[in-house]
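I opened a new structure today and kept notes as I went. Each entry records what I looked up.

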Amino acid sequence: MELRRGTIVVGKWKGGRYRVERLLGEGANGKVYLVQKDRDWYALKVGADAVDLQSEINVLGTLAKQKGPGIEPFLFDVDDLYAPNGKEYPFYIMRYVRGTTLDAYLKQQGAQWFPLVGLNLLGKLARLHKSGWAFGDLKVENVMVADYGHVDLVDFGGVTAIGKSIRQFTEIYDRGYWNSGSRTADPKYDLFSFAVLCIQLHEPKRLHALTKELLPQNRSTLDLSGLLTSSSDLKPVAGWLKQALEGGFADAAEGAEAWRLLMHRRDTRKSSATPGWLKGLAATTSVLLAISIYWLLRNMM
Ligand SMILES: Nc1ncnc2c1ncn2[C@@H]1O[C@H](COP(=O)(O)OP(=O)(O)OP(=O)(O)O)[C@@H](O)[C@H]1O
């Protein structure tokens with residue numbers, strides 16, 4: 001099923017009219033299009049499986065009612081559409097999240113944005129945890145980043161009430177896959193995925209190799225920690241990530257506070273260190289001084 005640019009989608013039951021602009025992305029549960037209605041932009045998700053889509057809609061509906069701190073309205077319309085092939089598909093309209101996926105953002109803007117983006121992402125998770133939810137399917141593709149490292153989560157298909165079984169997950173980010181805990185939704189589950197996400201961003205090849213070489217029963221947190229200690233990129237946050245993998249933070253708010261302190265300490269250390277140009281200047285001055293003394297002593301003799 002494909003919706004071309006310019007197609008007008010009309011909801012079968014409620015009659016909402018949306019003009020298709022372009023495909024934003026697609027996954028196992030459906031395709032997401034950028035659409036326009038009354039000059040406003042929205043994202044339209046259309047799926048072949050009504051049950052899967054319905055469970056996402058239920059979560060979004062509950063989140064919308066809850067209006068917890070930091071949970072912006074995300075769901076605007078739910079309906080069915082007739083595709084150009086004549087078949088009927090369920091769809092829903094959600095807020096359009098501007099930005100690029102996390103890995104693309106870091107490639108475009110530079111890895112120096114990683115600590116700030118990480119902190120903002122932990123902030124988003126913290127708000128969800130505070131309202132009694134775990135995100136569940138946290139992965140690179142579900143994190144959108146806009147200007148100045150502003151972070152938004154997409155794909156609420158895995159969002160699960162704390163204490164229930166995680167509804168949707170992706171293997172390498174899953175605590176159960178690494179034999180490191182249950183698949184029960186709790187804030188620590190998301191922090192585990194957050195740690196894997198950081199590894200995926202910096203050491204994708206080595207992480208992939210690990211999944212290939214280990215037998216399922218042998219996978220463990222220790223293997224992931226091993227990657228951390230031997231990665232120069234991850235060194236500054238290795239201790240934090242290890243703690244997250246081991247369930248050492250109660251929730252994302254606690255994790256964010258520790259992450260913030262880590263950033264602050266790094267910044268302080270950097271600013272108190274002697275800048276390169278000053279070191280160069282000092283070295284040149286010493287050489288000039290040595291030459292002057294040499295000439296002075298020679299002329300005196
Ligand atoms: N609200 C949105 N605004 C902008 N882009 C979005 C939005 N929702 C989804 N996308 C884009 O579409 C892609 C696929 O969407 P989504 O993850 O919801 O599909 P899915 O079928 O549930 O995927 P998965 O197989 O990962 O479960 C996302 O990775 C993202 O790039």
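**Entry 1: a loop residue**

I began with arginine 39, which sits in the loop between strand 3 and strand 4. The model is a predicted one, and I keep that in mind throughout. Is arginine 39 buried or exposed? I found 5 C-beta neighbours inside 10 Å, so arginine 39 counts as exposed. I then looked up its phi. The phi of arginine 39 is near 70 degrees, a positive value in a residue other than glycine. I noted that most residues other than glycine have a negative phi.

Tyrosine 148 gave me a second case. Its phi is near 55 degrees, again positive in a residue other than glycine. I located tyrosine 148 in the loop between strand 9 (143-146) and strand 10 (150-153). Tyrosine 148 is exposed, because 10 other C-beta atoms lie within 10 Å and the limit for exposed is 12 or fewer.

**Entry 2: the whole protein**

Next I stepped back. I counted 9 helices and 11 strands in the protein. There are 301 residues, and 32% of them count as buried. I also checked the contacts with a separation of 6 or more. Residues 24 or more positions apart account for 58% of those contacts.

How is the protein divided? I have domain 1 at 8-95 and domain 2 at 100-271. The C-alpha centres of domain 1 and domain 2 lie 28 Å apart.

**Entry 3: around the ligand**

I turned to the ligand. The shell around the ligand draws at least three residues from domain 1 and at least three from domain 2. There are 20 residues around the ligand, and Gly25, Gly27, Ala28, Asn29 and Asp155 come nearest.

Which strands each supply at least two residues of the shell? I listed strand 2 (17-27), strand 3 (30-37), strand 4 (40-46) and strand 6 (88-95). Strand 2 gives the largest share, 4 residues. By class, I have 8 nonpolar, 7 polar and 5 charged residues in the shell.

**Entry 4: lysine 45**

I looked up an annotation here. An unreviewed UniProt entry has a "binding site" annotation that covers Lys45. In the model, lysine 45 lies in strand 4. Why does lysine 45 count as buried? I found 24 other C-beta atoms within 10 Å of lysine 45, and 20 or more make a residue buried. Setting aside residues up to four places away in sequence, lysine 45 touches Gly30, Val32, Phe91, Tyr92 and Met94.

**Entry 5: helix 3**

I checked the length of helix 3, residues 114-130. With 17 residues at 1.5 Å a residue, helix 3 should span 24 Å. Its end C-alpha atoms are 24 Å apart, so the two values agree. I then listed its buried residues: Phe114, Val117, Gly118, Leu121, Leu122, Leu125, Ala126, Leu128 and His129. Glycine 132 follows helix 3, and its phi is positive, near 95 degrees.

**Entry 6: aspartate 152**

Aspartate 152 is in strand 10. It has 18 other C-beta atoms within 10 Å, so I record aspartate 152 as partly exposed. What does aspartate 152 contact beyond its neighbours within four places in sequence? I found Val97, Gly99 and Met144. I also compared aspartate 152 with leucine 191. They are 39 residues apart in sequence and 16 Å apart in space, C-alpha to C-alpha.

**Entry 7: glycine 181**

I found glycine 181 in the loop between strand 11 (160-161) and helix 4 (187-202). Glycine 181 is partly exposed, because 17 other C-beta atoms lie within 10 Å. Not counting residues up to four places away, glycine 181 touches Arg175, Gly176, Phe192 and Gly247. Leucine 245 is 64 residues from glycine 181 in sequence. In space, their C-alpha atoms are 9.9 Å apart.

**Entry 8: histidine 202**

I record histidine 202 as partly exposed, with 19 other C-beta atoms within 10 Å. Leaving aside neighbours within four places in sequence, histidine 202 is in contact with Ser231, Asp233 and Leu234. How far apart are histidine 202 and leucine 234? They are 32 residues apart in sequence and 7.1 Å apart in space, C-alpha to C-alpha.

Technical notes: Residues numbered from 1 in each chain as written. Predicted model: local features only at pLDDT ≥ 70, side-chain atom pairs only at ≥ 80, totals over all residues. Domains from an automatic or database assignment. Near = placed C-beta within 6 Å. Nonpolar A, V, L, I, M, F, W, Y, C, P; charged D, E, K, R; others polar. UniProt positions renumbered as here; feature names shortened; annotations may be inferred. Contact = placed C-beta atoms within 7 Å. Expected span 1.5 Å × (residues − 1).
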